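Colleague: I am new to this structure and would like to know what lies behind the words used for it. Could we take the terms one at a time?

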Amino acid sequence: MSGIVNMKNICKSYYLGDEEVKVLKNVNLTVNKGEFISILGPSGSGKTTLMNIIGCLDIPTSGDYILCGNDISELNELELARIRNKEIGFVFQSFFLLPRLTAVQNVELPLVYSNIPQKERRKKAKEMLFRVGLSDKINNLPNQLSGGQQQRVAIARALVTEPSIILADEPTGALDQKTGAGIIEYFEKLNEEGKTIIIITHDINVAGHAHRTVNILDGKLTEGTGLNDP
Amino acid sequence: MILESIRMSLMNIRKNKLRSMLTMLGIVIGVASIIALITIVQGATNNISNEVIKLGGNKIYINVIGTPLKQGLTQNDAEQISSLDNIAGVSPTITGKTTVIYEKNILKDIVIEGKNEVYFRADPDLLSSGRAINILDLESKNQVAIIGSNIVRELFFGINPIGEKIIINGMLYTVVGTLKETTGFSLGSTNDTVIIPYTTALRILGVKNISTLDAYLEDTSMADHTIMEIKGILNQAFNYNEDAYNIYNMGDIIDSFQSIMSMMSMLLGGIAAISLVVGGIGIMNMMLVSITERTTEIGLRKALGATPFAIRLQFIIESIFLSLTGGVIGLIFGVLLAYVLGAIIGVGVSISLSTNLLAVGFSATVGIVFGYMPARKASRLNPIDALRSL
């Protein structure tokens with residue numbers, strides 16, 4: 001159990017009326033520190049459910065999930081919120097920036113919930129926007145930014161708490177080819193700096209940039225081709 | 001984090017200006033009506049109490065029905081009561097109705113009251129001009145009169161009545177004083193009354209006995225003891241027939257009147273409080289709509305690590321802010337309304353701090369109570385469902 005993410009026999013099922021729908025079936029997954037891994041699967045394969053469980057937004061029906069040494073099944077809602085805040089940086093397909101907050105305020109948001117004082121918050125958020133190359137857009141509202149810029153703000157927001165994992169759900173799904181490629185390049189750069197990155201995608205080209213790909217189909221995980229050639 | 005919550009709440013209120021203002025209106029109306037109603041009722045209570053106290057909070061009112069053998073009090077009985085320790089003085093009243101004439105003006109059925117000097121001493125504000133009845137008038141049964149403001153207007157239009165002669169029941173009287181006009185809620189108005197010395201009245205009105213007597217107390221806390229003593233005298237006078245007389249302590253009457261009025265003000269305040277509750281439901285409704293609209297935002301905040309408490313705090317603060325702002329605006333309107341209504345009705349208005357604190361505190365409570373349910377609902381949203389809803 002050396003990885004950041006250790007999943008053993010994870011099952012997740014929902015009830016549609018009386019009928020039990022098994023979304024995840026005995027998933028085993030280990031992600032080590034510094035890995036760049038993609039989870040590849042078509043829609044309906046259970047990959048979003050898997051991401052929700054990895055991101056502690058949802059808890060498995062059965063199985064063990066240890067995230068950074070924490071047994072998720074033993075945590076209450078408050079502790080789960082803390083884990084999400086501290087260990088996980090989310091990047092969503094549709095960015096989910098709050099429209100009434102400026103870029104820097106959006107990046108600050110997770111720090112608000114870790115009770116970091118305003119000044120320090122602002123400083124960290126600015127630094128992070130500088131790192132994603134948006135230091136001239138600090139006070140812009142999301143609708144004054146292009147899609148790629150918005151996603152970079154979202155990445156800055158994911159990075160600002162210095163989480164153990166960056167968890168990206170179809171990060172290029174709402175972007176055009178070229179901009180998407182730029183974002184993926186940025187993830188590669190982050191990985192070179194030592195960040196652990198998990199990308200969930202249905203796009204084999206995006207998945208190809210990761211160092212390891214796992215396929216998910218009908219709730220079952222199969223190890224992919226192993227190391228992708230860069 | 002609280003500061004942050006306040007900032008976020010304000011931002012949301014600003015974004016939905018019209019909606020927030022309409023929601024606040026419910027609280028504004030509620031608080032304004034509570035303040036206006038309670039203040040007006042309190043003002044009216046004070047006014048009426050003052051009038052009643054003017055009639056004498058220190059007064060014991062004795063009304064004699066009499067027995068077949070003895071119809072009323074004699075002057076001797078009155079003097080006995082007057083000589084009790086705690087009695088500052090007694091003022092008998094002898095009432096009759098007769099015609100009053102000045103030159104060619106004739107007024108029929110005018111109330112003539114026989115009084116003594118104590119009556120005028122008890123309330124120095126009674127006279128508008130001239131002098132009061134004095135002991136000399138009583139001893140020599142002088143034919144002098146003090147007339148009410150309506151009588152002045154009807155008999156002496158444009159003439160100073162002091163020193164003029166009027167004819168009461170066929171006899172000539174000199175007008176020595178005029179009474180101040182009584183206004184407002186005043187009980188026992190004397191505007192249409194002519195007052196003459198009671199000794200004179202006993203003679204000319206054909207009345208032999210005193211049927212009503214006001215006894216003025218020196219110490220009102222001893223009222224009960226003094227009433228017992230008066231009863232003793234009256235029991236002797238009427239051969240222990242307690243049905244022959246009634247004794248009223250004006251202090252008791254004022255007390256019970258004031259307790260009735262305070263019940264009134266609580267009742268009206270309670271009715272107004274209902275509108276505040278309706279306003280609170282308005283806030284709850286708006287908060288619920290707002291939460292539905294902001295499901296994604298709530299989901300995102302949860303994904304970024306907002307605890308249920310943080311989410312709850314944000315919405316509760318928003319609700320408290322709405323209701324408290326509404327409360328303060330309502331307070332201002334309520335006070336203005338109270339002054340305007342007070343001026344129209346003719347009631348002196350005084351704004352009490354306790355009423356204001358009550359109204360503002362109540363509106364904040366409404367914010368907490370009606371904000372709690374929506375806030376709890378928001379904090380319990382499942383982040384996955386919330387993020388999916390986009």
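Modeller: Begin with chain A, where strand 1 (residues 5-16) and strand 2 pair in the antiparallel sense over nine bridges. The model is a predicted one.

Colleague: What makes strand 1 and strand 2 of chain A a pair?

Modeller: Two strands pair if there are at least two bridges between them. Strand 1 and strand 2 of chain A have nine bridges, so they count as a pair.

Colleague: How many residues lie between the strands in the hairpin of strand 1 and strand 2 of chain A?

Modeller: There are two residues between the strands, and in this hairpin A:G17 takes a positive phi near 65°.

Colleague: Where does chain A touch chain B, and which helix of chain A gives the most?

Modeller: The contact takes 20 residues from chain A and 18 residues from chain B. On the side of chain A, helix 2 (77-87) and helix 3 (103-112) each supply at least two residues. Helix 2 of chain A gives the most, with six residues. By class, the side of chain A that touches chain B has 10 nonpolar, five polar and five charged residues.

Colleague: What does chain B consist of, in helices and strands?

Modeller: Chain B has 13 helices and 10 strands. Of its 390 residues, 38% count as buried. Among contacts in chain B between residues at least 6 apart in sequence, 83% join residues at least 24 apart.

Colleague: Why is helix 11 of chain B called roughly antiparallel to helix 12 of chain B?

Modeller: Helix 11 (residues 308-345) and helix 12 (residues 353-379) of chain B pack at an angle of about 150°, with their axes 7 Å apart. Angles over 145 degrees count as roughly antiparallel, so helix 11 of chain B is roughly antiparallel to helix 12 of chain B. The crossing of these two helices of chain B is right-handed. Their contact has 19 nonpolar, 10 polar and two charged residues.

Colleague: Which strand of chain B pairs with strand 6 over four bridges?

Modeller: Strand 7 (residues 171-179) of chain B, in the antiparallel sense. B:I166 has B:Y173 in strand 7 of chain B as its bridge partner. The hairpin of strand 6 and strand 7 of chain B has two residues between the strands, and B:N169 takes a positive phi near 50° there.

Colleague: Which residues of strand 6 of chain B are on the covered face, and which on the uncovered one?

Modeller: In strand 6 (residues 165-168) of chain B, B:I166 and B:I168 form the covered face, while B:K165 and B:I167 form the uncovered one. In a regular strand the side chains alternate between the two faces of the sheet.

Key:
Residues are numbered from 1 along each chain as its sequence is written. Chains are lettered from A and ligands numbered from 1 in the order in which they are written. This is a predicted model: local features need pLDDT of at least 70, side-chain atom pairs count only at pLDDT 80 or more; totals for chains, interfaces and linings use all residues. A residue is buried if 20 or more other C-beta atoms lie within 10 Å of its own, exposed if 12 or fewer, and partly exposed in between; C-beta atoms are placed from the backbone. Two residues are in contact if their C-beta atoms, placed from the backbone, lie within 7 Å. Axes are lines fitted to C-alpha atoms, for helices over the stretch in contact, and angles run from 0 to 180 degrees between N-to-C directions. Angles under 35 degrees count as roughly parallel, over 145 as roughly antiparallel, 65 to 115 as roughly perpendicular and the rest as oblique. A crossing is left-handed if the near helix is turned anticlockwise from the far one by less than a right angle, and right-handed if clockwise. Ala, Val, Leu, Ile, Met, Phe, Trp, Tyr, Cys and Pro count as nonpolar, Asp, Glu, Lys and Arg as charged, and the others, Gly among them, as polar.
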